[in-house]
Every structure is written in C-alpha cells, then in structure tokens.
Amino acid sequence: MKAEASHGDKHSSQPAWKQRPSPALSDSTDSGTGGGMFDTLYEWFWWERIWLPVNLTWADLEDREGWVYAKASHLYVTVPYTFAFLLIRYLFERWIATPIAVSAGIKQRVHLKAEDNPILEHYYITQCRNPAQADIDGLSKKSSLSVRQVERWFRRRRSQDLPGVLKKFREASWRFVFYLLAFIGGIVALYDKEWFYDTREVWTGFPKQSMLESQYWYYILEMSFYGSLLLSVAFDVKRKDFKEQIIHHLATLVLLSFSWCANYIRIGTLVMIVHDASDVLLESAKLFNYAKWEKTCQSLFVLFAMVFMVTRLIIFPFWLIHCTWVYPVQHYPAFFGYYFFNVMLVVLLCLHIFWAYLILCMIRKFMFGTLTRDERSDIEEEEEEESSLTEDECKDEHKLGNGLTVGEKKDKRNGFQCSSPPENICRSKTVY
C-alpha cells in the first residue's frame, strides 16, 4: 500500500523519530524491578489479549525490514512536549495575543477590590460565593456590617474572581492558532491516504500497519496539547461545563494513548481531524466576539454550529464509530481493546450531544434576539456583576431626601429610569 511504501529504509538509515526505545513491554525485562506484585500487574496490563486480536503478540509488532510500529514507550516524549506547550503558550499570550488584543481595543479591566474582612472572606472561600438571604443576615451580625454592605462585599469579591475579556481573548487566541495549524497539518498528512476517503481501508492489514512520520508527529503534538490543556484547566476561564471539559480531555488522552499502543493509528488521525475542524471556527468566533465585531462573530458562529453538527453528530457516529464498530470484526474476532475503544468513542459522542444541546439553546436565543451570554458560561458574568455593583452603589451612596437616587428621575410616563445605565447592561449576543 501507499502508506507502507515510504518505509523501505533499513534501521541503520532511519531518522531520529524511528530510533525510539522498544515497546514498554519489552523494556520491563531490563528495568530490574523486583516487586512480584508489580511484575504481575505489569504483565496483566500488557497482556496481548487486552490490546491485540487473537493469535497476535507484541513480537509481531517489532520493527523489522523498514516497518515501524507505534510503541507505548514513545508516549514518554509527550511529557516534555506538554510542558513545552505551556511555555510556548505563556510566551504567545504575552508577546503576541496581548498586543493584538490591545490593538483591537481590548484592555484589562480593573475591578473594585472588596475590603478586607476575615469573616466574610472565610465564608466566601469555605462555604459559598453567593450566600442565601438568611446567611447574609447572619454574616451581617457577625461582621457588624449592614445587610446591604455584606451584599455589596460579596458582589465585589465575586467580581474580583471573574476573568476579564483580555484573559479570554488570549486563551482563545492560543487555542485558535493550535487548532488551525493542527487541522492544516492533518489535511496535509491525510489527503493522499486511502483511508481518508474509504474508511474500510482503515483495517486493511491491521494491526501490521507501518507508522508514518506524519502520523507520529500528528499524534505526539495533539496529545501534548491536550495534556497542557488538562494541566492548565484549573487556571483557565472556568465555565458551567468545567467537569465535562475535564472528562473530555481525559477521555481524549486515554483514547489517543490506547489507539497508539494498539496501533489504531489510522482511525485515531481521522478522529482528531474531525474534532479540529469545528474547534477552529469556534475559537475564531470567540475572538471576534471579544473584539466586538458582532456581524463577523454571528456569521462565524452560525458556520461553526453547522460544521459542529455535521462533523460531531453525523460524520463522527455514522462514519467513524461505524468504522470501528462494524468493519474490525470482519477481519478478526472482537477482543477487549475493540470494546474499550468503541466505549471511549461513545463517551465522546455523549459529550458532543451535550454540547450540541447547548449550541441549539444558543441558536434559539440567537434567532429571537435574547442571547446575552454563552450557555457554557458561568451564571454570574462579568457584565452582570458590574451592573449590580453600579446600581447598588447608586442606591446606597447617593440617596436624596425624597428617597430617589441621583441617577433616577421621573419620566414623562410617571415611571423611573436610570439616566446613565451601565454600558454593558445590554450586551450584544456573545459566543463564549
């Protein structure tokens, strides 16, 4: 086949990416570890019947005659690359994303700092960020503050923790650049491969399929990137789907690692490129939203929603999962790895359905003009906090003798309105 034809060189002339350590299974004989229980667990974990079809062993996947196979020991290289991605991200956000954000008119917003109050701070950290009215009354007595002052303190304290638009822009910029480069790289690596157009070719000759250099780097870089996202998720902007993000990153890493060790390389590359296609559009829509390019943002979001539904809810289940569920058993009997791999794909599909529901909710509000925030965002958005602070301070600090605030006046319809409402109180449709 074309994929294997490029591996005709002998080991003596192999490039550095081929000259990797042997599989993790064979490495165990040289490690010198003497723990009987550890050796037993190790042998059980790498039992061929878990990873490979019947009548195949790890010896069948040893490099020979120019054929190169993926090995578990290769994955160690993702650890330094993961930290390298974190460093590159830091430099990118500081020296590239920040100047771009400033040129787009996005600046770091300075929040009003809540006054030091050990009692309220302890409750905020250990109990709740948004206390009920009964708790506010109790805290008011303990701290010798009025109920209104306690409410204002919690609003300001929550506002301090909310991420600014600049932080969101930098994070989206980094993800956009990686997804764009990864998608382009995936197209370059797969456009001339038979299995890119006919998924039946994914299993031709499996598992004795020689690994290409493009596949090696595509896997290593994608896994390192998701590893960096997993490490940084605690410091990134947190949203309502925080737990789903953790599950997604873990499932992706487990899925990629297993597919690497079991030589499911071809289907793995197809799964990655399908996921990257819509992610590029989502991150670009966020960037234009933060820059307040409303029409561009709306157009990109509609395009993203269309691509997401096609790739994640049509191509992914009806082409890729069908490919991993139906075709393999035509070549070999089902084994543990077959079931495990398909279960992990179904986990990802469930997450896709969850996010598709949120996207449809956004589209519904988008069409009727009522969308003011991302369905994935925290309930307490930055604009809502600032609006509450502004209105509360008007009422508390600028009382008039007749009970009206300076910012309020009777209109011609005998009602009340604020003469200068906060600029962000009617925020346009947002994506993220």
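Colleague: So what is the mean pLDDT here?

Modeller: This is a predicted model, and the mean pLDDT of the protein is 78, with 75% of its residues reaching 70 or more.

Colleague: Where is confidence lowest, and where is it highest?

Modeller: Confidence is lowest in strand 2, which covers residues 416-418 and has a mean of 34, whereas helix 5 has the highest confidence, at 95. Over residues 1-34 the pLDDT is below 50, and this stretch has 65 contacts in the model beyond near neighbours in sequence. Residues 393-432 also have a pLDDT below 50, and for this stretch the model has 70 contacts beyond near neighbours in sequence.

Colleague: Back to helix 5, then. Which residues does it span?

Modeller: Helix 5 runs over residues 78-103, and L91 lies in it. A nonpolar surface patch of about 630 Å² is made by L91 together with L87, Y90, W95, I96 and I100.

Colleague: Why is L91 called partly exposed?

Modeller: L91 is called partly exposed because its relative accessible area is 40%, which falls between the 20% limit for buried and the 50% limit for exposed.

Colleague: Changing topic, which residues does UniProt list for "transmembrane region"?

Modeller: The unreviewed UniProt entry lists residues 176-196, 216-235, 300-327 and 339-363 under that name.

Colleague: And how much helix is there over residues 176-196?

Modeller: Over residues 176-196 the chain is 71% helix and 0% strand, with the end C-alpha atoms 24 Å apart. Over residues 300-327 the chain is 96% helix and 0% strand, and there the end C-alpha atoms are 36 Å apart.

Note on methods
Residues numbered from 1 in each chain as written. Predicted model: local features only at pLDDT ≥ 70, side-chain atom pairs only at ≥ 80, totals over all residues. Heavy atoms only, no water. Patch = residues over 30% accessible without salt bridge, like charges linked within 9 Å, V, L, I, M, F, W, Y side chains within 5 Å. Areas by Shrake-Rupley, 256 points an atom, 1.4 Å probe, with all protein chains shown as cover. Salt bridge = Lys/Arg side-chain N within 4 Å of Asp/Glu carboxyl O. Helix = DSSP H or I, 4+ residues; strand = E, 2+ residues; numbered from the N terminus. Buried < 20%, exposed > 50% of the residue type's maximum accessible area, 1.4 Å probe, protein only. UniProt positions renumbered as here; feature names shortened; annotations may be inferred. pLDDT = per-residue confidence, 0-100. Contact = heavy atoms within 4.5 Å.
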